[in-house]
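Morning, everyone. I have one structure to walk through today. Please have the sequence and the model open while I talk.

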Amino acid sequence: MKYSVWQLSLLCLILALCRPSAVWAKEFMCREISLSEGLSQSYVSSMARDDVGFLWIGTRFGLNRYDFDHIKNYYSSPTDENTLPDNSIRRIFVDSHNTIYVACEKGTAIYRRQSDDFQRLTLPDGRLFNVRSFKEEENGVLMGGAGGFFFYDYKLGKIVKLQVQGGSKLYYTLNSQLNYLL
């Protein structure tokens, strides 16, 4: 039986479409990690991946850094200010500078790679503050949470509490301080 070039081309196309191809298929590797591999707790509240390749996993009892081979745990210590504010992790956020922000139940901290520890973020009066969400802006990171809006200024390396003016539950107008900082 003789086939035309057109029929052979169509047959090759059909075979190529029907068979899995490395060009089309993406390979996903899933690996279960649990308490037995070193995870600090089984309830995961937040995850983020940094530019180095670490997967940061927040739980109700500590922060975990996973390099896809080992897990390193980070915990709060009441006698060491270079640890997390507490062990209940709510959110993890990585900005474009590869800075890792960790929002805990009782405060927020920034991971310091050089010393492998944390800087607790405080207001000018020394109080810790709770953050529930992060939004990166050009000059820093806007944070919202219990007690209002806060801004971490990249140049100053400090937190500024922003004043909220007027508004309702759905809409807020921030004063010129925010416009100046952003």
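Let's start with a pair of charges. D116 forms a salt bridge with R65, and their closest N and O atoms are 3.6 Å apart. By salt bridge I mean a side-chain nitrogen of Lys or Arg within 4 Å of a carboxyl oxygen of Asp or Glu. Where do the two residues sit? D116 is in the loop between strand 7 (107–112) and strand 8 (117–121), and R65 is in strand 3 (residues 62–66), so the pair ties together parts that are 51 residues apart in sequence.

Before going on, some ground rules. This is a predicted model, so to speak: local features need pLDDT of at least 70, side-chain atom pairs count only at pLDDT 80 or more, and totals for chains, interfaces and linings use all residues. Residues are numbered from 1 along each chain as its sequence is written, and side-chain values use heavy atoms, with hydrogens and water left out. Helices (H or I, at least four residues) and strands (E, at least two) are DSSP runs, numbered from the N terminus.

Back to our pair. Buried or exposed? R65 is buried, with a relative accessible area of 17%. D116 counts as partly exposed, at 25%. The cut-offs: buried is under 20% relative accessible area, exposed is over 50%, and partly exposed is in between, with a 1.4 Å probe and protein chains only. R65 and D116 also belong to a salt-bridge network that includes K72.

The count of salt bridges comes to seven. Here are two others. E105 pairs with R90, with 2.6 Å between the closest N and O atoms. This one links distant parts of the chain: E105 lies in the loop between strand 6 (100–104) and strand 7, R90 lies in strand 5 (residues 89–94), and they are 15 residues apart. R90 is buried at 16% relative accessible area. E105 is partly exposed at 34%.

Next, R112 and D117. Their side chains meet in a salt bridge at 2.9 Å, N to O. D117 counts as buried, at 14% relative accessibility. R112 counts as partly exposed, at 28%.

Now the nonpolar side. A nonpolar core here is a set of buried Ala, Val, Leu, Ile, Met, Phe, Trp, Tyr and Cys residues joined through side-chain atoms within 4.5 Å. Which residues have the most contacts inside the largest core? They are W56, L63, L84, V102 and F118, in a core of 15 residues. Strand 5, strand 6 and strand 7 each give two or more residues to this core. Take V102. Not counting residues up to four places away in sequence, V102 touches L63, L84, I89, R91, G107, T108, A109 and F118. Contact means heavy atoms within 4.5 Å. Apart from that core lies another, of 14 residues, including Y101, A103, F129 and V131.

Four strands form an open sheet in the order 1-2-3-4, with antiparallel pairing. Two strands pair if DSSP finds at least two bridges between them. Which strands are at the edges? Strand 1 (44–49) and strand 4 (71–74) are, each pairing on one side only. On average, neighbouring strands of this sheet are turned by 20° against each other, direction ignored. For that angle, axes are lines fitted to C-alpha atoms, for helices over the stretch in contact, and angles run from 0 to 180 degrees between N-to-C directions.

Strand 1 and strand 2 (residues 55–59) pair in the antiparallel sense over five bridges. V44 has T59 in strand 2 as its bridge partner. M47 stands opposite I57 in strand 2. The two strands form a hairpin with five residues between them, and G53 in the turn has a positive phi of about 115°.

N98 lies in the loop between strand 5 and strand 6. N98 counts as buried, at 12% relative accessibility. Beyond its neighbours within four places in sequence, N98 is in contact with D50, D51, V52 and R113.

Last, the whole chain. The protein chain has two helices and 14 strands. Of its 182 residues, 35% are buried. Among contacts between residues at least 6 apart in sequence, 35% join residues at least 24 apart.
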